[in-house]
Amino acid sequence: PKTIFSGIQPTGVPHLGNYLGALKQWTSFQNTETESTKLIFCIVDLHAITSPQKASNLRQWKKEMLTTLLAIGLNPDRCIIFEQSRVPAHSELMWILSCISSTGRLSRMTQWKSKLGISEEHHSLEDKSTETLKLGLFSYPVLQAADILVHRATHVPVGEDQAQHLELTRDIVGAFHHNYGKVFPLPATLLSPAKRVMSLSDPTQKMSKSAPDPKSRILLTDSPTSVQGKIKVALTDSLETYGITYDPQKRPGLSNLIEIYAHIQGREDFEHVASEFEGLTKKVFKERVADCINESLESIRSEYTRITETEGDGFLEKVVREGSAKAANSAEETMVKVREALGLL
Ligand code: ATP
Ligand code: MG
């Protein structure tokens, strides 16, 4: 059976990168997939604590994340929407997978290396002090593998930054099958066309919830004025004479805005989009981009406000409790097979 699984960290309100790169696909599966396809979406709170969070913040962010997932149109009657920490099987499977995952392989994960401040070329950690770095930060791709495998997912829609972790997941499946026999399907990576939306203030970095500069991202709940302001100050170049052209190498900031504009409309003909703005000043172009973003966020925004104003915490709690119960059943089916395969049962 086809099972689509994906997760998002409750580290803040999702941004346009999360939406175009991942969440938009999540909602579209509700229309494109047949009833027999399982759709499972997880708020991965155990991943969020790999950098310590204040309890009150984490609680608030989890609530905001759930509200956003509902506001973008995920239907809890069609999908399983749940919180990772409410389904302990995720952590149990992680431990089991840890026992067959090599530390060398994990230390080569780009995301880990970037947390260490190590460049792509380096393969050794020896010259950096790993003394104070936390084990959870190092091993979190194994938890991610467990998230996917515990639901025996066949397809995982993510942004490009997660592609490497998905490769690791498939390697872990190989190792598990080699040691204990076949239990899991090999999960395929589903990349959306907008697989890497860049930061507005530093277009060499991807847009991120946890980046320190709030102007680097457009939140799904930003007001129209806030969107206009952030786009207005988005970093572009001063190659004024070139007009509006698409050139991700030479003009990354401008090209990112062109891509955002195109992706919102489901287009990928970036050069052509740029040519439609030929002759416009950057100021006017940016206003058009902001308008386009605002138009596409309008219904999400109003639905978010409706949920927060008319539905109480009780409603959100009920959604997540019911989702987590369904997720626990899905996970337990797998864990029985896993425990049997290992001889734990
Ligand atoms: P954090 O900075 O806390 O890691 P994040 O913005 O990277 O936050 P995640 O919760 O880690 O968001 O990722 C959720 C999903 O959004 C993943 O599938 C990830 O690949 C995707 N995603 C994140 N940032 C982008 C981006 N800039 N462009 C496209 N997809 C993205
Ligand atoms: Mg991330």
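Predicted model: local features only at pLDDT ≥ 70, side-chain atom pairs only at ≥ 80, totals over all residues.
Figure 1. The secondary structure of the chain consists of 13 helices and five strands. Taken along the principal axes, the box filled by the C-alpha atoms is roughly 70 × 55 × 40 Å. The radius of gyration of the chain is 21 Å, which agrees with the value near 20 Å that a compact globule of 345 residues would have. Among the contacts in the chain with a separation of 6 or more, 76% are accounted for by residues 24 or more positions apart.

**Figure 2. Close-up of the packing of helix H4 with helix H7.** Helix H4, which spans residues 89-98, and helix H7, which spans residues 135-149, have axes that come within 8 Å and cross at roughly 120°. The two helices are therefore oblique to each other, and the crossing in which H4 passes H7 is right-handed. On the side of H4 the contact is made by His 90, Leu 93, Met 94, Leu 97 and Ser 98, while H7 contributes Ser 139, Val 142, Leu 143, Ala 145, Ala 146, Asp 147 and Leu 149.

**Figure 3. Close-up of the packing of helix H9 with helix H12.** Helix H9 (residues 224-232) packs with helix H12 (residues 282-310) at an angle of about 145°, and their axes are 9 Å apart. The crossing of H9 and H12 is right-handed. From H9, the residues Pro 224, Val 227, Gln 228, Ile 231 and Lys 232 meet Lys 286, Val 289, Ala 290, Ile 293 and Asn 294 of H12. The residues of the contact of H9 with H12 comprise six nonpolar, two polar and two charged.

Figure 4. Although Arg 152 is not a glycine, its phi is positive, at about 45°. Most residues other than glycine have a negative phi. With 19 other C-beta atoms within 10 Å, Arg 152 is partly exposed, because a residue counts as buried if 20 or more such atoms lie within that distance and as exposed if 12 or fewer do.

Notes:
Residues numbered from 1 in each chain as written. Chains lettered and ligands numbered in written order. Helix = DSSP H or I, 4+ residues; strand = E, 2+ residues; numbered from the N terminus. Rg over C-alpha atoms; globule rule 2.2 N^0.38 Å. Contact = placed C-beta atoms within 7 Å. Axes fitted to C-alpha atoms, helices over the stretch in contact; angles between N-to-C directions. Parallel < 35°, antiparallel > 145°, perpendicular 65-115°, else oblique. Left-handed = near helix turned anticlockwise from the far one by under 90°. Nonpolar A, V, L, I, M, F, W, Y, C, P; charged D, E, K, R; others polar.
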